Amino acid sequence: MGGYGYYGFFYDPTFILVVIGFVLSLIAQLRVKSTYGRYAKVMSSRGLTAERAAQKVLDYYGIKDVQIVPTRGNLTDNYNPKTNVISLSESVYGKSSIAAIGVACHEAGHAAQHAEGYVPIKLRNAIIPACNIGSTIGIPIAILGAFLNTMPLVYFGLLLYGLIAVFQFVTLPVEFNASRRAIKVIGETDILSENERRGAVKVLKAAAMTYVAALATAILNLLRLFIIFGVGRRDDD
């Protein structure tokens with residue numbers, strides 16, 4: 001295993017990459033909680049609840065077959081294209097805060113993407129099965145390749161595992177676009193005032209940074225595996 005970058009049981013210098021990824025993710029999560037918490041206390045001057053705001057987004061895009069329902073949890077909001085249901089968490093459904101409205105409209109933006117056949121979201125959904133397989137068997141295959149001293153098998157395993165980073169990369173335009181759709185409708189239909197709209201933008205930008213952090217973490221983890229398995233160094237031998 002020496003040729004594949006084995007550093008011993010007690011010391012692994014590549015672990016710093018894991019720490020960097022953890023710190024990036026932690027910062028992003030703290031920023032979301034802080035920003036959401038701040039604007040969750042600011043009520044919309046128009047008194048519109050989050051689910052009614054989301055319905056306005058659906059109406060804007062002419063979507064008639066999507067339901068909006070409450071769900072348990074905090075910031076567990078999601079849109080399920082299989083059931084055509086937008087689920088809004090306890091901190092969002094029935095709330096009139098700027099933060100709740102921004103999140104609800106974002107989920108309605110995802111419904112609009114599916115209704116219009118937005119290409120990036122179709123691509124993301126298409127690669128999910130492969131990503132699930134890669135995250136499960138990628139590392140075992142790479143380890144088997146290292147054990148058999150077969151670099152093509154190592155490459156194949158890392159390639160499969162690397163699909164996680166591909167998924168995170170494809171997710172970025174999907175999330176950014178859903179937020180842009182939300183903010184556009186919020187502005188054009190007067191769901192929030194101009195000042196309130198700025199607050200919703202900040203909430204959605206903070207949420208988007210969690211996906212950026214997830215991509216960075218996936219890339220760092222993949223880089224760490226390349227180093228551990230000695231990819232590059234092995235080829236130069």
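At what angle do helix H2 and helix H3 pack, and how far apart are their axes? I began there, keeping in mind that this is a predicted model.

**Entry: H2 against H3**

I took H2 as residues 50-60 and H3 as residues 98-116. The two helices pack at an angle of about 35°. Their axes lie 8 Å apart. I then looked up the hand of the crossing, and it is right-handed.

Next I listed the residues in the contact. H2 contributes Ala 50, Ala 53, Ala 54, Val 57 and Leu 58. From H3 come Ala 100, Ile 101, Ala 104, Cys 105, Ala 108, Gly 109 and Ala 111. I sorted the contact of H2 with H3 by class: 11 residues are nonpolar, 1 is polar and none is charged.

**Entry: cysteines**

Cys 105 has a relative accessible area of 0%, so I noted it as buried. Cys 131 is at 7% relative accessibility and also counts as buried, because the cut-off is under 20%. I searched the whole structure for disulfides and found 0.

**Entry: Gln 113**

I stayed on helix H3 for Gln 113. Is Gln 113 buried or exposed? It is buried, with a relative accessible area of 0%. Leaving out residues up to four places away in sequence, I found that Gln 113 touches Tyr 118, Ile 121, Val 174, Asn 177, Ala 178 and Arg 181.

**Entry: the loop between S1 and S2**

I moved to the loop between strand S1 (67-70) and strand S2 (78-80), where Asn 74 sits. Asn 74 is at 55% relative accessibility, so it counts as exposed, the cut-off being over 50%. Which residues does Asn 74 touch, not counting those up to four places away in sequence? They are Ser 89 and Ser 91.

I followed up Ser 91. Asn 74 and Ser 91 are 17 residues apart in sequence, yet 5.7 Å apart in space, C-alpha to C-alpha. Their side chains make a polar contact at 2.8 Å.

Leu 75 is in the loop between S1 and S2 as well. I noted it as partly exposed, with a relative accessible area of 33%.

**Entry: positive phi**

Most residues other than glycine have a negative phi, so I flagged exceptions. Leu 75 has a positive phi of about 55° and is not a glycine. Asp 190, also not a glycine, has a positive phi of about 60°. I located Asp 190 in the loop between helix H6 (163-188) and helix H7 (194-228). At 45% relative accessibility, Asp 190 counts as partly exposed.

Terms used
Residues numbered from 1 in each chain as written. Predicted model: local features only at pLDDT ≥ 70, side-chain atom pairs only at ≥ 80, totals over all residues. Heavy atoms only, no water. Disulfide = S-S within 2.5 Å. Buried < 20%, exposed > 50% of the residue type's maximum accessible area, 1.4 Å probe, protein only. Axes fitted to C-alpha atoms, helices over the stretch in contact; angles between N-to-C directions. Helix = DSSP H or I, 4+ residues; strand = E, 2+ residues; numbered from the N terminus. Left-handed = near helix turned anticlockwise from the far one by under 90°. Contact = heavy atoms within 4.5 Å. Nonpolar A, V, L, I, M, F, W, Y, C, P; charged D, E, K, R; others polar. Polar contact = N/O pair within 3.5 Å; in protein donor to acceptor, adjacent residues only side chain to side chain.
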